[in-house]
Amino acid sequence: MLVLGVETSCDETGVALYDTDAGLLAHSLYSQVAMHAEYGGVVPELASRDHIRRLLPLTRDILARTACRLEDIDAIAYTRGPGLAGALLVGASVASALGMSLGRPTIGVHHLEGHLLSPLLSVPAPRFPFIALLVSGGHTQIMEVHGVGRYRLLGETLDDAAGEAFDKTAKLLGLGYPGGPALSQLAETGEAGRFTLPRPMLKSGDLNFSFSGLKTAVLTLLNKSPRDDPARAAVARAFQDAIVEVLVEKSATALEETGLRQLVVAGGVGANRQLRERLSKEAVRSGFQVFYPRLEFCTDNGAMIAFAGAMRLKQRPIPDSSPGAFTVRPRWHLEERDGTPLPAA
Ligand code: KG4
Ligand code: ZN
(Lines give C-alpha, C1' and ligand atoms only; values in the text may rest on other atoms or scores of the structure.)
(Ligands and ions follow the chains in the order given, each with its own letter.)
Protein backbone atom coordinates (compact mmCIF):
# COMPACT_ATOMS: atom_id res chain seq x y z
CA MET A 1 0.00 0.00 0.00
CA LEU A 2 1.41 3.39 -1.05
CA VAL A 3 0.50 6.24 1.31
CA LEU A 4 0.98 9.94 0.60
CA GLY A 5 1.55 11.91 3.82
CA VAL A 6 0.77 15.63 4.10
CA GLU A 7 1.89 17.80 7.03
CA THR A 8 0.78 21.45 7.31
CA SER A 9 0.07 21.96 11.02
CA CYS A 10 2.42 24.88 11.62
CA ASP A 11 5.30 26.44 9.70
CA GLU A 12 6.62 23.48 7.72
CA THR A 13 5.06 22.00 4.60
CA GLY A 14 5.98 18.32 4.46
CA VAL A 15 5.03 15.55 2.05
CA ALA A 16 6.19 11.95 1.82
CA LEU A 17 5.48 8.64 0.13
CA TYR A 18 5.52 5.60 2.39
CA ASP A 19 5.16 2.09 1.04
CA THR A 20 4.08 -0.55 3.55
CA ASP A 21 6.38 -3.10 1.88
CA ALA A 22 9.35 -1.01 0.73
CA GLY A 23 9.34 1.63 3.52
CA LEU A 24 9.85 5.35 3.05
CA LEU A 25 10.30 6.10 -0.67
CA ALA A 26 10.79 9.88 -0.51
CA HIS A 27 10.01 12.93 1.52
CA SER A 28 10.22 16.65 0.89
CA LEU A 29 10.01 19.61 3.20
CA TYR A 30 9.71 23.34 2.86
CA SER A 31 10.41 25.34 6.01
CA GLN A 32 8.80 28.77 6.38
CA VAL A 33 11.25 29.76 9.10
CA ALA A 34 12.89 32.55 7.07
CA MET A 35 9.49 34.12 6.31
CA HIS A 36 8.34 34.15 9.96
CA ALA A 37 11.76 35.15 11.36
CA GLU A 38 11.09 38.76 10.39
CA TYR A 39 8.11 38.79 12.79
CA GLY A 40 9.82 36.90 15.64
CA GLY A 41 7.29 34.04 15.51
CA VAL A 42 4.77 32.22 13.33
CA VAL A 43 2.15 34.44 11.69
CA PRO A 44 -0.78 32.03 11.16
CA GLU A 45 -2.28 33.69 8.08
CA LEU A 46 1.09 33.83 6.31
CA ALA A 47 1.66 30.18 7.22
CA SER A 48 -1.63 29.08 5.60
CA ARG A 49 -0.96 31.06 2.42
CA ASP A 50 2.51 29.63 2.10
CA HIS A 51 1.28 26.03 2.56
CA ILE A 52 -1.04 26.68 -0.42
CA ARG A 53 1.93 27.78 -2.51
CA ARG A 54 4.18 24.85 -1.56
CA LEU A 55 2.03 21.78 -1.22
CA LEU A 56 1.39 20.82 -4.84
CA PRO A 57 4.94 21.55 -6.12
CA LEU A 58 6.38 19.43 -3.26
CA THR A 59 3.96 16.60 -4.07
CA ARG A 60 4.93 16.72 -7.76
CA ASP A 61 8.58 16.68 -6.70
CA ILE A 62 8.34 13.46 -4.68
CA LEU A 63 6.23 11.77 -7.37
CA ALA A 64 8.84 12.67 -9.99
CA ARG A 65 11.72 11.51 -7.78
CA THR A 66 10.13 8.13 -7.14
CA ALA A 67 8.72 7.73 -10.66
CA CYS A 68 5.30 7.19 -9.11
CA ARG A 69 2.08 8.46 -10.66
CA LEU A 70 -0.77 10.02 -8.71
CA GLU A 71 -2.88 6.97 -9.56
CA ASP A 72 -0.35 4.72 -7.80
CA ILE A 73 -1.27 6.27 -4.42
CA ASP A 74 -3.54 3.98 -2.40
CA ALA A 75 -4.39 6.35 0.46
CA ILE A 76 -3.72 9.90 1.62
CA ALA A 77 -2.84 10.74 5.22
CA TYR A 78 -2.93 14.34 6.41
CA THR A 79 -2.42 16.06 9.75
CA ARG A 80 -5.88 16.68 11.20
CA GLY A 81 -4.57 18.39 14.35
CA PRO A 82 -3.49 19.77 16.70
CA GLY A 83 -2.10 22.90 15.07
CA LEU A 84 -3.07 26.19 13.45
CA ALA A 85 -6.61 25.93 12.09
CA GLY A 86 -5.96 27.68 8.77
CA ALA A 87 -2.72 25.80 8.16
CA LEU A 88 -4.38 22.45 8.94
CA LEU A 89 -7.23 23.27 6.56
CA VAL A 90 -4.81 23.58 3.64
CA GLY A 91 -3.45 20.04 4.08
CA ALA A 92 -6.87 18.59 4.87
CA SER A 93 -8.57 20.11 1.85
CA VAL A 94 -5.80 19.19 -0.59
CA ALA A 95 -5.70 15.62 0.78
CA SER A 96 -9.46 15.38 0.58
CA ALA A 97 -9.63 16.76 -2.97
CA LEU A 98 -6.95 14.30 -4.07
CA GLY A 99 -8.78 11.45 -2.36
CA MET A 100 -12.05 12.39 -4.04
CA SER A 101 -10.56 12.76 -7.51
CA LEU A 102 -8.55 9.53 -7.28
CA GLY A 103 -11.26 7.58 -5.47
CA ARG A 104 -8.85 6.79 -2.62
CA PRO A 105 -9.40 6.92 1.15
CA THR A 106 -8.07 9.76 3.26
CA ILE A 107 -7.12 9.52 6.91
CA GLY A 108 -6.69 12.35 9.41
CA VAL A 109 -3.59 11.77 11.55
CA HIS A 110 -2.87 13.15 15.01
CA HIS A 111 0.29 15.25 14.72
CA LEU A 112 1.71 13.96 18.02
CA GLU A 113 1.07 10.38 17.00
CA GLY A 114 3.21 11.15 13.96
CA HIS A 115 6.04 12.39 16.22
CA LEU A 116 5.56 9.48 18.61
CA LEU A 117 5.87 6.82 15.92
CA SER A 118 8.65 8.58 13.95
CA PRO A 119 11.50 6.56 15.60
CA LEU A 120 9.92 3.46 14.03
CA LEU A 121 11.12 4.80 10.67
CA SER A 122 14.74 4.22 11.77
CA VAL A 123 16.75 1.03 12.03
CA PRO A 124 16.97 -0.41 14.63
CA ALA A 125 13.41 0.50 15.58
CA PRO A 126 12.02 0.18 19.11
CA ARG A 127 9.51 -2.58 19.83
CA PHE A 128 6.23 -2.03 21.68
CA PRO A 129 5.85 -1.35 24.57
CA PHE A 130 8.06 1.68 25.19
CA ILE A 131 8.13 5.03 26.96
CA ALA A 132 8.01 8.10 24.74
CA LEU A 133 9.32 11.51 25.68
CA LEU A 134 7.52 13.93 23.37
CA VAL A 135 9.21 17.31 23.38
CA SER A 136 8.02 19.73 20.73
CA GLY A 137 7.23 23.41 20.40
CA GLY A 138 3.64 22.92 21.56
CA HIS A 139 3.78 19.80 23.76
CA THR A 140 5.83 18.09 26.43
CA GLN A 141 4.52 14.70 27.47
CA ILE A 142 5.70 11.36 28.75
CA MET A 143 3.61 8.54 27.29
CA GLU A 144 3.49 4.81 27.78
CA VAL A 145 3.08 3.30 24.31
CA HIS A 146 1.74 -0.24 23.94
CA GLY A 147 0.93 -0.15 20.24
CA VAL A 148 -0.48 2.11 17.55
CA GLY A 149 -3.31 4.00 19.25
CA ARG A 150 -2.62 2.44 22.66
CA TYR A 151 -1.20 5.29 24.68
CA ARG A 152 -1.29 6.24 28.33
CA LEU A 153 -0.31 9.74 29.39
CA LEU A 154 2.05 9.54 32.39
CA GLY A 155 2.90 13.21 32.71
CA GLU A 156 2.90 16.51 30.85
CA THR A 157 3.78 20.14 31.18
CA LEU A 158 1.49 22.27 33.29
CA ASP A 159 2.41 25.42 31.35
CA ASP A 160 5.05 26.03 28.64
CA ALA A 161 6.25 23.20 26.42
CA ALA A 162 10.00 22.48 26.37
CA GLY A 163 10.39 23.90 22.85
CA GLU A 164 8.36 26.96 23.81
CA ALA A 165 10.68 27.51 26.79
CA PHE A 166 13.69 27.29 24.46
CA ASP A 167 12.08 29.76 22.04
CA LYS A 168 11.05 32.28 24.73
CA THR A 169 14.42 32.13 26.48
CA ALA A 170 16.17 32.55 23.14
CA LYS A 171 14.17 35.73 22.63
CA LEU A 172 15.36 37.04 26.02
CA LEU A 173 18.91 36.34 24.87
CA GLY A 174 18.32 38.32 21.68
CA LEU A 175 18.47 35.23 19.43
CA GLY A 176 16.28 34.83 16.36
CA TYR A 177 13.27 32.61 15.73
CA PRO A 178 13.02 29.66 16.13
CA GLY A 179 15.16 29.96 19.20
CA GLY A 180 15.80 26.32 20.09
CA PRO A 181 18.61 25.55 17.64
CA ALA A 182 20.21 29.02 18.12
CA LEU A 183 20.09 28.77 21.92
CA SER A 184 21.56 25.29 21.94
CA GLN A 185 24.39 26.45 19.68
CA LEU A 186 25.15 29.36 22.01
CA ALA A 187 24.97 27.03 25.04
CA GLU A 188 27.66 24.81 23.49
CA THR A 189 30.14 27.68 23.92
CA GLY A 190 28.96 28.62 27.44
CA GLU A 191 30.93 27.92 30.61
CA ALA A 192 29.25 25.12 32.55
CA GLY A 193 28.51 25.87 36.20
CA ARG A 194 29.14 29.64 36.00
CA PHE A 195 25.41 30.15 36.67
CA THR A 196 22.84 27.75 38.10
CA LEU A 197 19.11 27.85 37.45
CA PRO A 198 16.35 25.99 39.31
CA ARG A 199 15.27 22.50 38.15
CA PRO A 200 11.47 23.02 38.09
CA MET A 201 9.39 20.15 39.53
CA LEU A 202 12.37 17.81 39.65
CA LYS A 203 11.22 16.55 43.04
CA SER A 204 7.46 16.92 42.47
CA GLY A 205 6.91 13.19 42.92
CA ASP A 206 5.07 12.92 39.60
CA LEU A 207 5.98 13.01 35.93
CA ASN A 208 4.68 16.50 35.21
CA PHE A 209 6.77 19.47 34.11
CA SER A 210 6.63 23.23 34.45
CA PHE A 211 8.92 25.42 32.39
CA SER A 212 7.37 28.88 32.48
CA GLY A 213 9.23 29.89 35.67
CA LEU A 214 12.57 29.19 34.01
CA LYS A 215 12.32 32.11 31.63
CA THR A 216 11.63 34.47 34.54
CA ALA A 217 14.70 33.05 36.30
CA VAL A 218 16.70 33.64 33.11
CA LEU A 219 15.48 37.24 32.94
CA THR A 220 16.51 37.87 36.56
CA LEU A 221 19.89 36.31 35.89
CA LEU A 222 20.43 38.38 32.74
CA ASN A 223 19.61 41.58 34.63
CA LYS A 224 22.24 40.77 37.26
CA SER A 225 25.04 39.48 35.03
CA PRO A 226 27.48 41.30 32.72
CA ARG A 227 26.12 42.02 29.24
CA ASP A 228 29.03 40.41 27.38
CA ASP A 229 29.03 37.38 25.08
CA PRO A 230 30.62 34.89 27.53
CA ALA A 231 27.96 35.73 30.14
CA ARG A 232 25.11 35.30 27.61
CA ALA A 233 26.56 31.95 26.55
CA ALA A 234 26.88 30.85 30.19
CA VAL A 235 23.22 31.80 30.81
CA ALA A 236 22.19 29.77 27.74
CA ARG A 237 24.22 26.86 29.10
CA ALA A 238 22.61 27.14 32.55
CA PHE A 239 19.13 27.16 30.98
CA GLN A 240 19.88 24.14 28.79
CA ASP A 241 21.48 22.24 31.71
CA ALA A 242 18.35 22.80 33.82
CA ILE A 243 15.82 21.77 31.20
CA VAL A 244 17.85 18.76 30.05
CA GLU A 245 18.34 17.50 33.60
CA VAL A 246 14.60 17.59 34.30
CA LEU A 247 13.74 15.83 31.01
CA VAL A 248 16.36 13.11 31.60
CA GLU A 249 15.41 12.52 35.25
CA LYS A 250 11.68 12.27 34.57
CA SER A 251 12.21 9.94 31.60
CA ALA A 252 14.39 7.68 33.76
CA THR A 253 11.74 7.70 36.49
CA ALA A 254 9.01 6.77 33.98
CA LEU A 255 11.08 3.78 32.85
CA GLU A 256 11.75 2.75 36.42
CA GLU A 257 8.11 3.05 37.49
CA THR A 258 6.71 1.14 34.52
CA GLY A 259 9.51 -1.42 34.34
CA LEU A 260 9.91 -0.70 30.60
CA ARG A 261 13.42 -0.71 29.12
CA GLN A 262 13.06 1.33 25.93
CA LEU A 263 12.81 5.09 25.63
CA VAL A 264 11.81 6.88 22.46
CA VAL A 265 12.50 10.60 22.11
CA ALA A 266 10.42 12.56 19.63
CA GLY A 267 9.61 16.15 18.65
CA GLY A 268 11.77 19.15 17.77
CA VAL A 269 13.66 19.35 21.08
CA GLY A 270 14.73 15.74 20.45
CA ALA A 271 17.23 17.26 18.01
CA ASN A 272 19.06 18.88 20.95
CA ARG A 273 22.60 17.53 21.13
CA GLN A 274 23.02 17.88 24.89
CA LEU A 275 19.70 16.15 25.57
CA ARG A 276 20.75 13.23 23.36
CA GLU A 277 24.16 13.00 25.00
CA ARG A 278 22.75 13.06 28.54
CA LEU A 279 20.03 10.54 27.72
CA SER A 280 22.50 8.18 26.09
CA LYS A 281 24.75 8.37 29.19
CA GLU A 282 21.79 7.72 31.48
CA ALA A 283 20.78 4.78 29.27
CA VAL A 284 24.18 3.15 29.77
CA ARG A 285 24.12 3.89 33.52
CA SER A 286 20.59 2.58 34.10
CA GLY A 287 20.56 -0.16 31.48
CA PHE A 288 17.84 0.98 29.10
CA GLN A 289 17.84 1.57 25.36
CA VAL A 290 17.15 4.96 23.84
CA PHE A 291 15.86 5.55 20.30
CA TYR A 292 15.78 8.81 18.36
CA PRO A 293 14.17 9.67 15.07
CA ARG A 294 16.55 10.69 12.27
CA LEU A 295 17.47 14.35 12.92
CA GLU A 296 15.39 15.53 9.95
CA PHE A 297 12.36 13.68 11.39
CA CYS A 298 12.62 15.26 14.87
CA THR A 299 10.98 18.46 13.66
CA ASP A 300 7.76 18.49 11.63
CA ASN A 301 7.79 16.43 8.44
CA GLY A 302 5.53 14.52 6.07
CA ALA A 303 7.24 11.14 6.58
CA MET A 304 5.89 10.69 10.10
CA ILE A 305 2.36 11.51 8.89
CA ALA A 306 2.56 9.06 5.97
CA PHE A 307 3.90 6.40 8.34
CA ALA A 308 1.31 6.96 11.10
CA GLY A 309 -1.46 6.99 8.46
CA ALA A 310 -0.19 3.70 7.02
CA MET A 311 -0.11 2.12 10.50
CA ARG A 312 -3.67 3.27 11.17
CA LEU A 313 -4.93 1.99 7.83
CA LYS A 314 -3.25 -1.37 8.40
CA GLN A 315 -5.07 -1.64 11.71
CA ARG A 316 -8.42 -0.47 10.47
CA PRO A 317 -8.61 -0.35 6.68
CA ILE A 318 -11.78 1.74 6.73
CA PRO A 319 -10.95 5.45 6.36
CA ASP A 320 -12.28 7.68 9.10
CA SER A 321 -14.10 10.16 6.89
CA SER A 322 -16.52 9.78 4.02
CA PRO A 323 -15.30 11.08 0.64
CA GLY A 324 -15.21 14.85 0.48
CA ALA A 325 -15.93 15.34 4.18
CA PHE A 326 -13.07 16.44 6.36
CA THR A 327 -12.54 18.13 9.67
CA VAL A 328 -9.54 19.65 11.37
CA ARG A 329 -8.92 19.55 15.13
CA PRO A 330 -6.74 22.53 16.13
CA ARG A 331 -6.99 21.28 19.75
CA TRP A 332 -6.92 17.54 20.11
CA HIS A 333 -5.68 15.25 22.90
CA LEU A 334 -3.79 12.20 21.75
CA GLU A 335 -5.55 9.94 24.21
CA GLU A 336 -8.90 10.93 22.65
CA ARG A 337 -7.68 9.72 19.26
CA ASP A 338 -9.55 6.44 19.53
CA GLY A 339 -11.62 7.14 22.59
CA THR A 340 -10.07 3.99 24.08
CA PRO A 341 -7.38 5.02 26.57
CA LEU A 342 -5.60 2.21 28.36
CA PRO A 343 -6.93 1.27 31.79
CA ALA A 344 -5.31 3.19 34.66
CA ALA A 345 -1.98 1.83 35.88
O1 KG4 B 1 8.19 19.24 16.74
P2 KG4 B 1 8.41 20.60 16.23
O3 KG4 B 1 9.05 20.77 14.87
O4 KG4 B 1 7.09 21.42 16.16
C5 KG4 B 1 5.99 21.23 16.96
O6 KG4 B 1 5.22 20.28 16.67
O7 KG4 B 1 5.87 22.03 17.90
O8 KG4 B 1 9.29 21.35 17.34
C9 KG4 B 1 9.71 22.66 17.18
C10 KG4 B 1 10.39 23.09 18.46
C11 KG4 B 1 10.73 24.56 18.50
O12 KG4 B 1 10.31 25.09 19.74
C13 KG4 B 1 12.24 24.59 18.35
O14 KG4 B 1 12.84 25.69 18.97
C15 KG4 B 1 12.63 23.29 19.04
O16 KG4 B 1 11.63 22.37 18.64
N17 KG4 B 1 13.96 22.81 18.62
C18 KG4 B 1 15.01 22.70 19.46
C19 KG4 B 1 16.10 22.24 18.68
N20 KG4 B 1 15.67 22.09 17.39
C21 KG4 B 1 14.36 22.44 17.37
N22 KG4 B 1 15.11 22.93 20.77
C23 KG4 B 1 16.31 22.70 21.35
N24 KG4 B 1 17.41 22.29 20.69
C25 KG4 B 1 17.35 22.04 19.36
N26 KG4 B 1 18.43 21.63 18.71
ZN1 ZN C 1 5.52 18.87 15.62
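Domain bounds, as used here, come from an automatic or database domain assignment. By that assignment the protein splits into domain 1 (2-116 + 298-336) and domain 2 (128-292). Taken over C-alpha atoms, the centres of domain 1 and domain 2 are 28 Å apart. Where they meet, 19 residues of domain 1 are in contact with 22 residues of domain 2, contact meaning heavy atoms within 4.5 Å.

A quick word on what you're looking at: this is a predicted model, where local features need pLDDT of at least 70 and side-chain atom pairs count only at pLDDT 80 or more, while totals for chains, interfaces and linings use all residues. Residues are numbered from 1 along each chain as its sequence is written, chains are lettered from A and ligands numbered from 1 in the order in which they are written, and side-chain values use heavy atoms, with hydrogens and water left out.

Now to the sheet. Helices (H or I, at least four residues) and strands (E, at least two) are DSSP runs, numbered from the N terminus. Five strands make an open sheet in the order S3-S2-S1-S4-S5, with mixed pairing; two strands pair if DSSP finds at least two bridges between them. Strand S3 (23-31) and strand S5 (106-110) are at the edges with a single partner strand each, so one side of each has no neighbour in the sheet. On average, neighbouring strands are turned by 20° against each other, direction ignored.

S2 and S3 form a hairpin with 3 residues between them, and they pair in the antiparallel sense over 8 bridges. One bridge joins Glu12 to Ser31 in S3.

Helix H2 (residues 44-66) touches strand S1 (2-7), strand S2 (12-19) and S3, and its direction makes about 150° with that of S3. Helix H10 (residues 303-315) touches S1, S2, S3, S4 and S5, with its direction at about 130° to that of S1. Such angles run from 0 to 180 degrees between N-to-C directions, and axes are lines fitted to C-alpha atoms, for helices over the stretch in contact.

Finally, look at a helix pair. The axes of helix H6 (residues 179-188) and helix H8 (residues 229-258) come within 7 Å and cross at roughly 110°. That makes H6 roughly perpendicular to H8, a label for angles of 65 to 115 degrees. Among the residues making the contact are Leu183 and Leu186 of H6 and Ala236 and Phe239 of H8.

Definitions and conventions. Angles under 35 degrees count as roughly parallel, over 145 as roughly antiparallel, 65 to 115 as roughly perpendicular and the rest as oblique.
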